[in-house]
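Please keep the sequence and the picture beside you while you read.

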Amino acid sequence: MNNIDILIPVCNEQDNVKPVIQKIHSSLSGSFNNINVIFIDDGSTDNTSEVISNLKKESESLNIKLVKLTTNFGKDLAIKCGMDYSSADLCAIIDGDLQQPPEKIIEASNLIKQGYNVVHIEKKAYKNARIFRRVGTFFFTKFISFLFGGVFHLTDYKVIDSKTVGMIKLFKEVNFFNRGIVELIGLKSIVIYYNPLRRIHGESKYSFFNALKLAINSSISVSLKPLRISIYFGFIISAISFIFGLFILYQKIFIGVPILGFATIALATIFLGGIQLICLGVISEYLGKTFIESKNRPQYMIDYIKEI
Ligand code: UDP
Ligand code: MG
């Protein structure tokens with residue numbers, strides 16, 4: 001078990017690809033017979049592909065392949081594309097920005113040799129991240145675990161065996177959420193931890209709105225619970241309004257207090273309007289996703305593939 005495919009989705013990482021390869025070479029070369037680095041260029045608008053094409057082979061056992069996608073399909077579909085081209089015994093997925101130390105792949109591969117199918121490599125600390133991101137990640141991890149109905153590992157940095165890769169290849173959906181699918185498959189997994197490093201070149205692609213979009217897409221992809229929550233909302237609000245109605249009647253009949261006026265009605269209308277729009281939004285998200293999936297479009301499109 002000494003061949004490994006290392007999948008690296010990259011989008012505008014022109015200054016990072018060279019140091020990434022050097023780091024992979026220096027930290028992993030002694031531990032594997034064959035290392036196949038597969039860069040998936042996810043629609044970069046800078047010179048990422050050119051820089052990759054001009055990389056020098058660091059050694060005979062380190063092969064580099066570039067799969068250039070026609071446009072930006074998102075990190076998850078870039079990973080899926082890489083998996084479709086993975087054939088080694090082991091497959092690692094790592095970011096192309098040097099924030100994740102590649103040495104952890106050795107520890108993870110040893111665990112796979114011991115019989116695990118998936119090793120999640122999770123961040124130990126979020127010290128370097130901004131506060132809204134830390135809080136957001138914390139709550140999103142809780143929320144998605146609730147939706148999924150079990151422990152959920154919110155890291156993309158993983159090492160998985162060929163059996164798991166084979167299963168992931170079967171998933172043809174466009175709203176592809178890799179982490180959710182790995183959890184869904186449910187093979188034997190274990191978690192190890194790494195200390196995240198600071199990004200030196202380029203910047204994170206996940207602005208607040210990108211992160212929110214990803215959160216909504218991934219929630220929808222792992223579960224139907226948001227639809228059920230809408231029904232519960234309906235039940236709870238109906239129950240509250242029924243009790244409130246009884247209360248007003250009681251006041252009117254037994255105490256003689258006049259029925260409350262404009263403010264109550266306005267508040268109730270606006271509140272209900274808000275809830276209705278949220279529920280409609282949830283339904284629309286599922287409906288929209290169903291529409292897109294029903295077209296059966298390809299998950300990604302490749303411009304060209306190049307062996308370096
Ligand atoms: N990435 C990608 N497509 C995208 C966004 C990001 O392939 O649409 C890649 C990016 O180049 C990097 C990895 O995914 O290699 C992680 O992205 P980033 O560092 O922006 O995310 P963060 O570390 O902030 O979560
Ligand atoms: Mg990063």
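1. A residue is called buried here if 20 or more other C-beta atoms lie within 10 Å of its own, exposed if 12 or fewer do, and partly exposed in between, with the C-beta atoms placed from the backbone. By that rule Asn-178, Arg-179, Gly-180, Val-182 and Glu-183 are buried in helix H7, which covers residues 178-185; helices (H or I, at least four residues) and strands (E, at least two) are DSSP runs, numbered from the N terminus. The buried residues of H7 pack against helix H3 (75-84), S5, helix H5 (131-148), S6, H6 and helix H8 (208-222), where two residues are in contact if their C-beta atoms, placed from the backbone, lie within 7 Å. Just after H7, Gly-186 takes a positive phi of about 75 degrees.

2. Please note that this is a predicted model, in which local features need pLDDT of at least 70 and side-chain atom pairs count only at pLDDT 80 or more, while totals for chains, interfaces and linings use all residues. Residues are numbered from 1 along each chain as its sequence is written, and chains are lettered from A and ligands numbered from 1 in the order in which they are written.

3. Which strands pair with S5? Strand S5 (residues 118-123) pairs with S7 in the parallel sense over six bridges, whereas three bridges join S5 to S6, and these two run antiparallel. Towards S7, Val-119 stands opposite Ile-190 and Lys-123 has Tyr-194 as its bridge partner, while towards S6 the bridge partner of Val-118 is Ile-160.

4. S1 and S2 pair in the parallel sense over eight bridges, and Ile-8 has Phe-39 in S2 as its bridge partner. S2 is mostly covered, since seven of its eight residues are buried.

5. Helix H1 (residues 17-28) has 12 residues and reaches 16 Å from its first C-alpha to its last, close to the 16 Å expected at 1.5 Å a residue; the expected span is 1.5 Å times one less than the number of residues. Its buried residues are Val-17, Val-20, Ile-21, Ile-24 and Leu-28. They lie on the same side of H1, because they cover an arc of only 95 degrees around the axis, the arc being that of the directions from the helix axis to the C-beta atoms. The face turned away from that buried side carries the exposed residues Gln-22 and Ser-26. The buried residues of H1 pack against strand S1 (3-10), strand S2 (34-41), helix H2 (48-53), strand S3 (62-69) and helix H4 (104-113).

6. The chain is divided into domain 1 (3-222 + 298-307) and domain 2 (225-294), with bounds that come from an automatic or database domain assignment. Their C-alpha centres lie 42 Å apart, and seven residues of domain 1 are in contact with seven residues of domain 2. On the side of domain 1 that touches domain 2, H8 gives the most, with three residues. The buried residues of H8 are Ser-218, Ser-219, Ile-220, Ser-221 and Val-222, and what covers them includes H5, H7, helix H9 (225-255) and H10.

Definitions and conventions. Two strands pair if DSSP finds at least two bridges between them.
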